[in-house]
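Here is a friendly note to read alongside the model. Take the points in order, and keep the 3D view open as you go.

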Amino acid sequence: MSHDEIDRILSHEEELLPSSGFAAAVMDAVRREAAVPAPIPFPWKRALPGLVVAVLTLGLVGWVFVVGTEQVARQSADSQLSVPWLSTLMQLLGLGGSSATGWTIVALVLAVVSVKFSLRSGSQRV
Amino acid sequence: MSASEDQADVARVLAGEVSAYEGIVRRWQGPLINLAYRFCRDRGRAEELAQEAFLRAYRALSQWRRDAVFSTWLFALATNLYRSELRRIPARTVPLEDVEEPRDPRAADGGVEDDDRDRAVRRAVYALPAKYREALVLFYFHEMDVPCAANSLGLPEGTVKARLFRGRQLLRGKLPQLLAAPRLKEA
């Protein structure tokens, strides 16, 4: 008994025959699959410069953020935020006001540039 | 079934001759449907699963490495699909605790009702936890060949052997009287 009996019972399973149209149905599905054009590969060559610029920009923003945070920490509570290039930019734009205005402008410019860049990349033929 | 026929058909399909795939489908439709049926016990669903397996095999044909026999690769792919599909939508099975032995496994004349007993054992197999059930299904599908079952399941042979042992132990625990009944009809 035991193993032998289980083996005997489970070895004898009724065999199903495929229905008459099975192979034809599979081949129809395969032909449909074959007719679908191959997926367009991702345009790495075109995207790579943009990706590199994006990474560099992110790095730069991170660095500016870290430097700015350190400066803020060092300055007294009532002193002005003085990231040198930001102060210059604000003076050039005629905005001598708060540091928040400067940062907002930088963020807006970055957003506009990235949107413009992605629209331009997207509109070009692959 | 010839491995060289499979190899030739695969080469033709990869060269762009889609109709050559029909040879593969015709050679392997029976085994793939039967394997699916052993997983789900539903003929209609078995054919759907087998069709999906053939489609996936067609898509992945270029990934078949010639170091394994085509059928081994095909069974492994199909088994993987059937297992994941049955986890997603399980077959209707009875919990192992609810599987009952036939009330009187011996007929009035002292003989054993083989059909009842066989059905009860199969029901008990389908009520086993998936890992034991799958090992048993594959083992008997591959005519008790552990390496083949292990290949299809993508598991080491030792693991499959351990699951077979445990699966049979659970079956014997659930159906002790049934499996202990002497087969008087054959005597």
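1. Two residues are in contact here if their C-beta atoms, placed from the backbone, lie within 7 Å. Residues 105-111 of chain B also stay under 50, with 14 such contacts.

2. A word on the ground rules. This is a predicted model, in which local features need pLDDT of at least 70 and side-chain atom pairs count only at pLDDT 80 or more, while totals for chains, interfaces and linings use all residues. Residues are numbered from 1 along each chain as its sequence is written, and chains are lettered from A and ligands numbered from 1 in the order in which they are written.

3. How confident is the predictor overall? Chain B has an average pLDDT of 84, with 82% of its residues at 70 or higher. Helices (H or I, at least four residues) and strands (E, at least two) are DSSP runs, numbered from the N terminus. For the complex, the ipTM is 0.77 and the pTM 0.65.

4. Now look at chain A, which has five helices and zero strands. Of its 126 residues, 8% are buried, meaning that 20 or more other C-beta atoms, placed from the backbone, lie within 10 Å of the residue's own.

5. Where do the chains meet? Chain A brings 25 residues to the contact and chain B brings 30. On the chain A side, helix H1 (3-11) and helix H2 (22-35) each supply at least two residues, and H2(A) gives the largest share, 10 residues.

6. Within chain B, helix H1 (residues 3-14) packs against helix H2 (residues 21-40) at about 145°, with the axes 8 Å apart. Axes are lines fitted to C-alpha atoms over the stretch in contact, and angles run from 0 to 180 degrees between N-to-C directions. Among the residues that meet are B:Asp9 in H1(B) and B:Ile24 in H2(B).

Technical notes
Buried ≥ 20, exposed ≤ 12 C-beta atoms within 10 Å, placed from the backbone. pLDDT = per-residue confidence, 0-100.
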